[in-house]
Amino acid sequence: MQTPTLGQLATENGAQVVGDPDLAVRGLAPLDQAGPGDLSFLSNPLYLPQALASKASAVIVSPADLERIRADGQAGGRNWLVARNPYVCFARVAQRFDREANADPRTGIDPRASVAADAVVPASCFIGPNVVIEAGARLGERVRVLANAFIGAGAEIGDDTLIYANVSVYHRCVVGVRNILHSGVVVGADGFGFAPDIGPAGVEYVKIPQVGRAVLGNDVEVGANTAIDRGAMADTVIEDGCKLDNQVQIAHNVRVGAHTVIAGCAAVAGSTRIGRFCVIGGSANFAGHLNIADRTTVSGGTSITKSITKPGGHYTSVFPFTTHGEWERNAAIVRGLSKLRERVVTLERRLRGQSAGSNTTQDEEKSS
Amino acid sequence: MQTPTLGQLATENGAQVVGDPDLAVRGLAPLDQAGPGDLSFLSNPLYLPQALASKASAVIVSPADLERIRADGQAGGRNWLVARNPYVCFARVAQRFDREANADPRTGIDPRASVAADAVVPASCFIGPNVVIEAGARLGERVRVLANAFIGAGAEIGDDTLIYANVSVYHRCVVGVRNILHSGVVVGADGFGFAPDIGPAGVEYVKIPQVGRAVLGNDVEVGANTAIDRGAMADTVIEDGCKLDNQVQIAHNVRVGAHTVIAGCAAVAGSTRIGRFCVIGGSANFAGHLNIADRTTVSGGTSITKSITKPGGHYTSVFPFTTHGEWERNAAIVRGLSKLRERVVTLERRLRGQSAGSNTTQDEEKSS
Amino acid sequence: MQTPTLGQLATENGAQVVGDPDLAVRGLAPLDQAGPGDLSFLSNPLYLPQALASKASAVIVSPADLERIRADGQAGGRNWLVARNPYVCFARVAQRFDREANADPRTGIDPRASVAADAVVPASCFIGPNVVIEAGARLGERVRVLANAFIGAGAEIGDDTLIYANVSVYHRCVVGVRNILHSGVVVGADGFGFAPDIGPAGVEYVKIPQVGRAVLGNDVEVGANTAIDRGAMADTVIEDGCKLDNQVQIAHNVRVGAHTVIAGCAAVAGSTRIGRFCVIGGSANFAGHLNIADRTTVSGGTSITKSITKPGGHYTSVFPFTTHGEWERNAAIVRGLSKLRERVVTLERRLRGQSAGSNTTQDEEKSS
C-alpha cells in the first residue's frame, strides 16, 4: 500500500488542505488516540479542545470549526483537511485505507464451489469454497461470494456486491449493485401466507405459494441473520441505499423506501410500506398493511400499530422503565386506569354539584 | 405443464362450476390484474364490484356471493368456481400451479454431499451439494435437502419434507412429514440451561447438558432463521400443523399446540406451553413456565407474563405510540402514576370530609 | 462407558456419601421419573415429599435438607450424595454422563474441509466436512468445528471450543477457550456504522469501515442465530463466563461483563456496556451508549433507555397485558394521561379555592 498525502486525500474528497499538502498520512485514529502520521477528525465542536490537544498530524474539520480555531489563534503549526461534512470525509478516507489494507485479491471460482453450467459468473468474480450457484443465476462484475453461501436458481446479483459466508439467496431474487449481505442473511424465503380453513377442531392453515420475489436496490447493506421474505404475488422491495442491521425481519410484500435505515431486531409485518429517509430504531415493530410517511423516526422498542401520514415525525411507544417494585405499583394502576379515570370524573361531578350544579362533564370527557 | 380446465379444478377442490367447465385456466391473478385465461377469487364481499369489473375468465366465489351476484342479474356471461371457502380454494389451486411450474425434478445424492454410510436416504430424495447427513440419520421418501444444510446424527426427517439451504438439524431431533424448514433454521440447539453457582465475585453458571430433543409434528412450516431448542431432559415439541414465521425463538421444553401460528420475531421462554389453534402476533414474547389456553390470540409486540387459563381470549400489552413529545409527557406521568393516584385519593378524602365526614375511601381503594 | 459409583461421583464433586459408596449409578433422572440405579436431586425443599417418594437409588441433597430428612427419621434405607449446591452437583454429574455417552471421538480434518495452508489446526482438532478455515486462522487444542462452518482469515479459536454447523466467524475475531457457538451464530459481522450525508432528497449514509474485532472470553456459550458484531475501531467484547441465548443481537463496541447471562432475542445497541453478573431477560433491548451497573436484572421485554448506575437493581418496563378490550380502554387513557393529570390539578385548585384559597399546587406538581 502506498501512503497517500494529505493533498491526495483532499483531491479525492473535494476537501481543502490548510497546511502541508505533502504530509504523508499513515492512518486514521480518534482524536485522543492519534499520533504522528495519523489523520483524525472533528465532527462536533464540543470536542474542539480535544482536537487542539490531539497528537494527530492532521485533523478533518468543517469550515466553521476552522474559523473558530483561527479566531482563537490556534490554527497554525498544524495541518487541516477542511471538508463540508468532516464525518463523511472521515468515512470515505477510512474506506480508502480499508480497501488498500484489506482488499481481497482473489478472483475465480474455487474448485469446491458448485456453479450451474448456465449460471453467469464473470471472470472478475470470486466464488469461495462450497458456494452453490444454481441454474440460470446471473452475477455482475466483481461480485464476491464467500464460503458456503447459496445463490438460488435464476437469482441476479449486481456488480461489486459482497456476499459473506453462509448467506442464502432464494430462487429468482434480485440483489442490486454494491450490496453487502452479511453472514446468515436470508433473502427470499417464503412469506408467511396461509388461507385459514375450518378444521374438525379449529382453524387450520393452507399454504399460499409465495411466487413473488425479494428485490434489493443498489447500495443496500443487510446485517447478519436478517431475513427478507419474497412476496406472495408481487415483490418485496428494499429500495436504493437502505441499511438494515442484524436480525431484522422484513415480511412479504413490504416496501422499504430509499435511504431508510432499520436498526437491529426490528420487524416489519406483511404489506407495510415504509417511506424514504426513515430512521427505525432497534427492536421496533410494525403491524401489517400500514403506510409510514417519509422521514419518519421510530424509537427503539416501539410498536407502530397504525399508519403515519405526516412526514418527518418522531414516534415512541415504550413503557418507561423503573425499578421492578415501582413498576409493579404503576402497572397495577395502568391495568385499572379506566377506573382511576372514572374516579376523577366522579370528583368533577361532585365538585360541580357543590359549586353550581352545572353539567359540563360531557365536554371535559371529550377533551381527554 | 398441461393447462387444467375449470371443471378439473372444480373436481380437485370439491367446488362447482357455473359456466363453462371446459374453460382452459392458464394462471391465477388478483381481480384487478387478471386477464383472459386467468382465474381470480373473491373472498370478501366488499370487493364484489372489482369482481364484476375484472377481466378474469373465471372467479372463485362463495355460494352466498354468487347468490348476491345473481340477484343483481350479473352472473351471466362469466364463469364461476363456487367453493365453500374461496380463499382456501384459491390457495389449493395456486399450490397446483406452483407445483407444476416449479417442481424440482432432481433426485439422488449430489456427489458433493457427505452422507454417512449408515444413514437412510431413499432413492426418491434429493440431497444437494455440500449437504452433510451424519451417522444414523433417517430420511423419509421424497425428502429434499438443499445445499449446505446439516442433518445431525440420528435425526429423523419425515416424507415429503423440504429443507432449504443452510438449515441445521441437530442430532436425534425429529421433523415430521410435509414440513418446510427455511434457510437459517436451527432445530435442536442446546436449551439455555445453567445451574447458578456462587463464584468468588458473583453468580457463575454451570452448563446443564441438554439431552432432550426437538420434535416437530407433521405439516409444520418454520420460517427463515427461526430457532427451536432441544429439551433439557424431556423434549421440546411443535405439534402438527403449526406455522412459525421468521426469527422466532422457541426455548427448551416448550410445547406449541397443534395448528398454532406464530408470527415473526416472537419468542417463547422455557417450559411454556402454548395451546392449540392460537394466533401469536409478531415480536410478542412469553415468560417461561406459563400455560396458554387454546385459541388464544396475542397481539404483536405483547409481553405475556402470566398464564392464560380461559380459552379464546385476545390479549394485548403495547404502550400506545404517540409523537415523541407526547410520549415524553405521558411517560413521565406513567412513572409517577402511583403519586397521581394518591392525589386522587386525597381529593376524594377532602371532598368527603367537606360533604359528610364519611370514611369509605378504603372500599374505593379496593375497587381500583 | 464405565458405570461410576456413588463414591466416585462424591470424590469428583467434593460431595459426601451417606449410604453405600459402592452403589453403581447408571443414570440421572428427575425425582418422579427415576428408578433403581438412577441418581436424582433435590434442589428445593418444597419437593422434599417427592424426594422421599422417589424410586431413585440415590438423591443429591444439601446438608440442610438432609438434616430435615433425618429429623423426620427418613434418611435410612436410602443413599444420599450431600453437596453444598445440589443443582450444581447435578449439572456436573450430568456433564460427566453426557461426556461419556456422547463424546465425539473424531479428530482430524475431513477431506472435504478447506483449510488454508498457513492456518494452525492441531491434530487434536476435528474439522468437519465443508468447513472453511481461511489464511492465518489459529485453532487451539481439541477444537471441534462441525460441518459447513466458516472461520475467517486470522481468526483465533481457543482450546476445547465447540463450533456447531453453519457458524460464521469473521476475519481476525477471537473466541476464547471452552466456548460453545451454536448453529447460525455470526461473530464479527460489520457493526452498523454510517456517516449521514445530505443527499439530493434527504439524508444518505456513507459506510464507516468496521476495523475492530469481536472478542469472546473463556467459557462463553452463544445460542443459535445470535449475532455479535465487530467493533468500529476498538473491539466488541464478551467477557469470560457469559451465556448468550438464541437470536441475541450484540452491536458494535458493546462490552458485556463477565458471567452475565442474556436470554433469547435480547438486543444491545452500539457502545453500551453491560456490567458483570447481570441477568438480562428475553426480548429486552438496550439503547446505545449506556452504562449498566454490575448485577443488574432486567425483566423480559423491557426497554432500557438510560444508564443504570446503582448495582444490583431489578428493572422493568412492560405494559401490563390485559384482554384486548380492556387494553383499548386503558391505552386511550394513557394517550391522554397528561390531560387526565391536568384535570386532577384543576380539581385540586378548585377544592383549595373552596376551602382556603391557598396556592400550593406548584409544590404538589413538583412532587409528581
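A salt bridge here is a side-chain nitrogen of Lys or Arg within 4 Å of a carboxyl oxygen of Asp or Glu. By that rule, four salt bridges cross the interface of chain B and chain C. The model is predicted. This briefing covers how chain B and chain C meet.

**Extent of the interface**
- Chain B brings 75 residues to the contact, and chain C brings 72 residues.
- Together the two chains bury about 6100 Å². Carbon and sulfur atoms account for 59% of that area.
- B:Phe192, B:Tyr205 and B:Arg343 supply 12% of the area that chain B buries against chain C.

**Polar and charged links**
- One salt bridge joins B:Asp197 to C:Arg84. The closest N and O atoms of this pair are 3.3 Å apart.

**The chain B side**
- Six elements of chain B each give two or more residues to the side that touches chain C: strand 19 (194–198), strand 20 (203–207), strand 35 (303–304), strand 36 (314–316), helix 5 (324–335) and helix 6 (337–355).
- Helix 6 of chain B gives the largest share, nine residues.
- By class, this side of chain B has 38 nonpolar, 23 polar and 14 charged residues.

**Strand pairing between the chains**
- Strand 36 of chain B pairs with strand 37 (residues 322–323) of chain C. The pairing is antiparallel and runs over two bridges.
- In strand 37 of chain C, C:Thr323 stands opposite B:Tyr315.

How values were computed. Residues are numbered from 1 along each chain as its sequence is written. Chains are lettered from A and ligands numbered from 1 in the order in which they are written. This is a predicted model: local features need pLDDT of at least 70, side-chain atom pairs count only at pLDDT 80 or more; totals for chains, interfaces and linings use all residues. Side-chain values use heavy atoms; hydrogens and water are left out. Contact means heavy atoms within 4.5 Å. Buried area is the accessible area (1.4 Å probe) that two parts lose on being put together, summed over both. Helices (H or I, at least four residues) and strands (E, at least two) are DSSP runs, numbered from the N terminus. Ala, Val, Leu, Ile, Met, Phe, Trp, Tyr, Cys and Pro count as nonpolar, Asp, Glu, Lys and Arg as charged, and the others, Gly among them, as polar. Two strands pair if DSSP finds at least two bridges between them.
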